[in-house]
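Let's take a walk through this model together, beginning at the ligand and ending with a pair of helices. Keep the 3D view open as you read.

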Amino acid sequence: MGQCLSRQTRRTDRPTGDLVLSSVMADPVYSDPCIQHAEHVGNTHNIQQRKDHNDRFLVVAIDFGTTYTGYAFSFRHEYQRDRLKISTNIWTHNVGLSEKAPTAILLNKNQEVVSFGYDALNDYAELTEAKKQSKFFLFHRFKMNLYTDERLKSNTMLSDIRGKHLPAIVVFSAVIGYLKDHAIQRISGIDNQLNLEGKHIHWVLTIPAIWHDKAKQFMRKAAEQAGIETDRLTLALEPEAASLYCRYVPVYDSAAANSQSQEDLTRPAPGNSFNNFRPGSNYIILDLGGGTVDITFHTVRADGALQELHQPTGGYWGGTLVDQEFSDIVRRILGDETMMRAHVEYPQEMVEFMSEFEVKKRMFKCGQATPIQIKIPTCLTDLYTEMNGTSLSEGLANHELKDKLSVKRDKLVLTAELFESLFASSLSHIIGHLIQLLNSESLKCIDTILLVGGYSESPVVKENISRVFPNIRVINPTDASSAVLKGAVLFGHDPYAIASRVCKNTYGVAMQVPFNPNIHFKEECRIIDGLVYDVFDVHLRAGDTASVGAEVIEKSYYVSKGAAYGILDIYMTSHVSPVSVTEPGCTRLGTVTIQVENVNNESDTKIAVSLVYHGTELDVEAREVASGKITKTTVDFLG
Ligand SMILES: Nc1ncnc2c1ncn2[C@@H]1O[C@H](COP(=O)(O)OP(=O)(O)OP(=O)(O)O)[C@@H](O)[C@H]1O
Ligand SMILES: [Mg+2]
């Protein structure tokens, strides 16, 4: 008989201490005293048990960034000899070479990839000049949409730079698919005897630690749609990846730097690799990217593995906030309409304008006195004159910013003070948040801040953080902007390197327990036939530590006698101690259907359930105790 079970949990004749999941259709027997939240440690199993994949001799990691994206790889034999032998693809562009390319993808009207990165931006500009852009889509810097969209679904739409829509999953999987094919082609070209096949590659995709579960799962779906099989893919938390990488590379150390001359500041302090961190060291990894500032907290265990001290935290305070501040100033002096027309009619010139700003932003130092000159595109000065009937330099002479900003021939000149103020909003968020964290009791043990991500290479950022925390060692590796990318390769080779994580949310199962007047308030409960429905049975609590290799607690439920399957509803909340799954803030993540192997008409079927948190995903395992049959699933947060 195939019978749909409800998420209801009922008590029946069985040893006290077990929880009961039963069919609404079945005929339960009630006799036990109340059996709430009792834990049954039956057959435990280890977190992150994984099959050995001997045929996977290559790890390819994709760092999908807000501003820049790239891939890196290493063969297993290389990793075993020298972990840092990691190859990155080098992208060429007008002003040089880089390990990551802008996160930009150009698609045609059939949603096929035309080009990626620097090429996508240039191709789109050419299409616009030729007035052919309307048949194409350009998506640029779109990753943050996943973080900001709380209602993210598989069919969420994304708008391109002109406001034309495509499903977000199409755009994300187009980027992943492009990089996947690029990587396979590039690696196959290294050695024509390699005969590289899909089964040889393990893929890693980076994810900000502060992202919500839906966004993380969205990335997995996008990777699947791009042709990466799910069991060949690991999601890596960006700061965790960076933390792994920084254990092996030379680093910039503020303490050592203080004793060096000013010119030496960017050179690594001799012998100061992060590997020198002794067990017991406690540090913060601050991943300062273009979009997110991702903060994680690690301690080095006695066996050298890393353990998370606190849930990841952070916000949308990365390097693009500085760009936005600059764009806002330009908009204030030129007006909204001029800016809008310039972006629409002359995208190439605007891209070049922002590229020039990027160069100045990267070079700027605290306390610099020299004004900063940025070439203004002709389109801006012409449009300004057309709309205002006066030249930009005349217009600026009467502007409220006239003491800080001027125009000299084709250059916009900003005082150093005004330029430094562009970093203020982002820095005050980052530093304010760090002060709050470091004042908390549980993080008093932190003695080091590890700065990674492209934005951490800014002298302004480094100096401000070091100044505010004089008693904390501030470390910045030489290739901070690719630490996440290269660390993701290391993570692919050794997914157990992060030994334990702190659970961000509370996860559990909806169940039904007998009404107990000492515990339950009648007015607050849904009670039917003496049973309280919708009880949140917590498996993993926010703030709890989930360790690799630790025993996972199983809880037992029952499928009513005669029923062929049971249904388990999985819930999540950010609250530490939820009582009911109907409380505000509780979300039903999904349903696991458990097919009963040995349908029994005499007694209920006992099912042992465990929930395993990996930092990036939640696995559910339900074991039919009598037959040993296991039903496994990764929770689909996208619904
Ligand atoms: N030397 C530098 N000075 C100032 N800013 C810099 C420097 N180098 C890179 N950046 C900034 O760092 C940001 C890019 O960093 P990164 O490549 O780590 O970000 P991302 O991976 O694209 O973003 P996210 O990790 O948030 O998704 C950009 O805003 C860039 O302007
Ligand atoms: Mg990044």
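Start at lysine 100, where a polar side-chain atom sits 2.8 Å from an oxygen atom of ligand 1. Bear in mind as you look that this is a predicted model. Threonine 67 also reaches the ligand: one of its polar side-chain atoms is 2.6 Å from an oxygen atom of ligand 1. For glutamate 238, the separation between an N or O atom in the side chain and an oxygen atom of ligand 1 is 3.5 Å. How much of the accessible area of ligand 1 does the protein cover? Taken on its own, ligand 1 has 650 Å² of accessible area, and the protein covers 96% of that.

Now step back to view the whole shell. Ligand 1 is surrounded by 21 residues, and the closest are Thr66, Thr67, Lys143, Glu358 and Lys361. By class, the shell holds twelve polar residues, seven charged ones and two nonpolar ones. Which helix gives the most to this shell? That is helix H10, spanning residues 347-363, which supplies three residues.

Let's turn next to a helix pair. Helix H4 (residues 168-190) packs with helix H5 (residues 213-225) at an angle of about 65°, and their axes are 8 Å apart. The crossing of H4 and H5 is right-handed. On the H4 side, the residues in contact are Ala168, Ile169, Phe172, Ser173 and Ile176. They meet Phe218, Met219, Lys221, Ala222, Ala223 and Gln225 of H5. Sorted by class, this contact of H4 with H5 comprises eight nonpolar residues, two polar ones and one charged one.

Methods: Residues are numbered from 1 along each chain as its sequence is written. Chains are lettered from A and ligands numbered from 1 in the order in which they are written. This is a predicted model: local features need pLDDT of at least 70, side-chain atom pairs count only at pLDDT 80 or more; totals for chains, interfaces and linings use all residues. Side-chain values use heavy atoms; hydrogens and water are left out. A residue is near a molecule or strand if one of its heavy atoms lies within 4 Å of it. A polar contact is a pair of N or O atoms within 3.5 Å; within protein, one must be able to donate a hydrogen and the other to accept it, and residues adjacent in sequence count only if both atoms are side-chain atoms. Accessible areas come from the Shrake-Rupley method with a 1.4 Å probe; for residues, only the protein chains shown count as cover. Helices (H or I, at least four residues) and strands (E, at least two) are DSSP runs, numbered from the N terminus. Ala, Val, Leu, Ile, Met, Phe, Trp, Tyr, Cys and Pro count as nonpolar, Asp, Glu, Lys and Arg as charged, and the others, Gly among them, as polar. Axes are lines fitted to C-alpha atoms, for helices over the stretch in contact, and angles run from 0 to 180 degrees between N-to-C directions. A crossing is left-handed if the near helix is turned anticlockwise from the far one by less than a right angle, and right-handed if clockwise. Contact means heavy atoms within 4.5 Å.
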